[in-house]
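Dear colleague,

I am passing on to you the structure that we spoke about, and I have set out below what was found in it. Please read the notes with the structure open beside them.

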Amino acid sequence: MNKRFMLRPVKTELPSSGGCTDAPVLRERGQREVFCGLTGIIWMHRKIQDAFFLVVGSRTCAHLVQSAAGVMIFAEPRFATAIIDDRDLAGLADANDELDAVVTRLLERRPDIRMLFLVGSCPSEVIKLDLSRASERLSERFAPRVRVVNYSGSGIETTFTQGEDACLAALVPMLPSAIAQQAPELMVVGTLADVVEDQFNRLFGLLGVGPVVFLPARRSSELPCVGPNTRFILAQPFLGDTARALEARGAQRIAAPFPFGVEGTTLWLSAIAEAWGVDADHFEQTVTPARERASQALARQRERMQGKSVFFFPDSQLEIPLARFLSRELGMRLTEIGSPYLHRQHLAHELAMLPAGTQLSEGQDVERQLDRCRAIAPDLVVCGLGLANPLEQEGFATKWSIELVFSPIHGYDQAADLAELFERPMRRRALIAQQAA
Ligand code: SF4
């Protein structure tokens with residue numbers, strides 16, 4: 001028989017109904033306990049190696065970024081804050097002139113910078129400093145050596161992962177246009193740890209999927225092209241604006257659950273393989289070794305985590321995919337899953353995979369949510385840093401959700417590490433209880 005007719009392309013069965021697809025969502029609009037979008041600088045400055053993030057903000061903004069990121073004293077930092085002081089706030093100085101002077105000094109001193117992000121903050125928005133005009137003006141002055149891009153990381157209406165979304169969405173208009181006749185290209189969208197990017201790249205190569213590009217790229221000179229032949233897949237669930245901007249440039253999204261855990265990773269890779277017409281047997285042979293290794297590691301953790309209950313406060317926007325992983329692969333019991341925003345389209349498959357009856361909430365009214373959490377008394381609370389210490393004091397085991405954004409957690413090889421991030425606080429709490437007994 002002709003070998004061509006023996007091909008059996010991958011067909012992904014993505015659940016899109018059932019589970020929590022139509023579950024009622026508790027919508028709350030009260031006091032929130034979240035970090036602002038400046039936080040994204042912490043992981044993005046590590047990723048884009050020739051970029052510099054200049055926050056245009058107050059001393060508070062400088063403290064936030066500095067204390068969260070930390071810098072080795074012998075390293076040249078790749079982020080800083082141009083402080084808006086009382087004279088700027090009182091309108092006594094021209095903030096634009098001062099900003100231009102700071103940028104000029106910075107770029108003279110640091111010839112390694114190829115892309116400069118001007119990052120807006122609450123203070124820059126309050127004094128209505130137009131960073132988009134500033135970035136145009138400075139781009140003209142420093143072209144072609146440096147590109148200047150602006151986005152907002154302010155905490156006025158955001159949660160902390162929206163900083164990455166705003167940053168990547170600001171990059172999309174700068175991506176070169178792909179030639180119409182160009183072969184289809186896969187774009188993986190969302191900051192991934194280099195080690196994870198390399199693992200996925202290896203799998204794509206073995207599967208015969210490609211060419212593959214990543215947004216953000218490691219260097220600003222490697223900005224990927226975009227056009228109607230671009231098929232993109234999100235690696236993070238909080239990139240709604242970036243996805244919209246890519247679609248406006250003709251790129252098509254590959255819908256899939258997110259690559260957390262064995263199941264999520266398999267479905268994510270499988271959706272890509274289907275888009276590239278990869279043979280089903282070849283797909284199985286390629287992913288099976290890594291999938292089996294990860295499944296075995298998770299089986300051991302499942303024994304310890306099964307039946308434990310977990311409550312998510314809204315913080316990172318990773319809550320729904322991670323709850324799906326904890327429930328389906330580790331047997332944990334979901335109580336409430338809070339998310340700052342619920343993007344129904346991007347999370348459609350994730351919602352369908354959650355157990356029916358799970359309480360979903362969107363937005364926050366922190367005192368009411370704390371009351372619900374105390375009443376449920378879960379084994380593990382996933383929340384922001386501001387809530388973690390008081391809850392620990394009350395005897396809860398907590399996981400800082402921000403750690404889940406900093407750590408490599410995507411893909412097969414990280415599935416057990418991801419489970420470990422949730423298990424460790426419960427183990428520690430059990431030890432404390434033992435010692436106290
Ligand atoms: S951007 Fe706003 S919320 Fe963030 S550190 Fe600055 S002042 Fe605070």
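Leaving aside residues up to four places away in sequence, Val 189 touches Leu 168, Leu 215, Phe 232, Ile 233, Leu 234, Ala 235, Leu 239 and Thr 242, where a contact means that the C-beta atoms of two residues, placed from the backbone, lie within 7 Å. Please bear in mind that this is a predicted model, in which local features need pLDDT of at least 70 and side-chain atom pairs count only at pLDDT 80 or more, while totals for chains, interfaces and linings use all residues. Residues are numbered from 1 along each chain as its sequence is written.

Val 189 is also one of the residues, together with Leu 54, Leu 116, Phe 117 and Val 119, that touch the most other members of the largest nonpolar core, which has 126 residues. Such a core is a set of buried Ala, Val, Leu, Ile, Met, Phe, Trp, Tyr and Cys residues joined through C-beta atoms within 7 Å. Helix H10 (residues 261-275) gives the most to this core, with seven residues. A residue is called buried if 20 or more other C-beta atoms lie within 10 Å of its own, exposed if 12 or fewer, and partly exposed in between, with the C-beta atoms placed from the backbone.

Strand E6 (residues 185-189) pairs with E8 in the parallel sense over five bridges, and Val 188 stands opposite Ile 233 in E8. On strand E8 (residues 230-234), four of the five residues are buried. E8 is also joined by two bridges to strand E9 (residues 252-253), again in parallel, with Arg 231 opposite Gln 252 in E9. These strands belong to an open sheet of four, in the order E7-E6-E8-E9 and with parallel pairing, whose edge strands, E7 and E9, each pair on one side only; two strands count as paired if DSSP finds at least two bridges between them.

Helix H7 (residues 162-171) is largely enclosed by the rest of the structure, because nine of its ten residues are buried. What covers the buried residues of H7 includes helix H1 (41-47), strand E4 (115-120), strand E5 (147-152), E6, strand E7 (212-215) and helix H9 (240-248). Trp 276, by contrast, sits in the loop between H10 and helix H11 (280-305), and Trp 276 is partly exposed because it has 18 other C-beta atoms within 10 Å.

Turning to the ligand, the residues that surround it are Cys 36, Leu 38, Gly 57, Ser 58, Thr 60, Cys 61, Leu 64, Ser 121, Cys 122, Ser 154 and Gly 155, a residue being counted as near if its C-beta atom, placed from the backbone, lies within 6 Å. Helix H2 (residues 59-69) gives the most to this shell, with three residues. The shell divides into five nonpolar, six polar and no charged residues, where Ala, Val, Leu, Ile, Met, Phe, Trp, Tyr, Cys and Pro count as nonpolar, Asp, Glu, Lys and Arg as charged, and the others, Gly among them, as polar.

For the protein chain as a whole, there are 17 helices and 14 strands, which are DSSP runs numbered from the N terminus (helices are H or I, at least four residues; strands are E, at least two). Buried residues make up 46% of its 437 residues.

With kind regards
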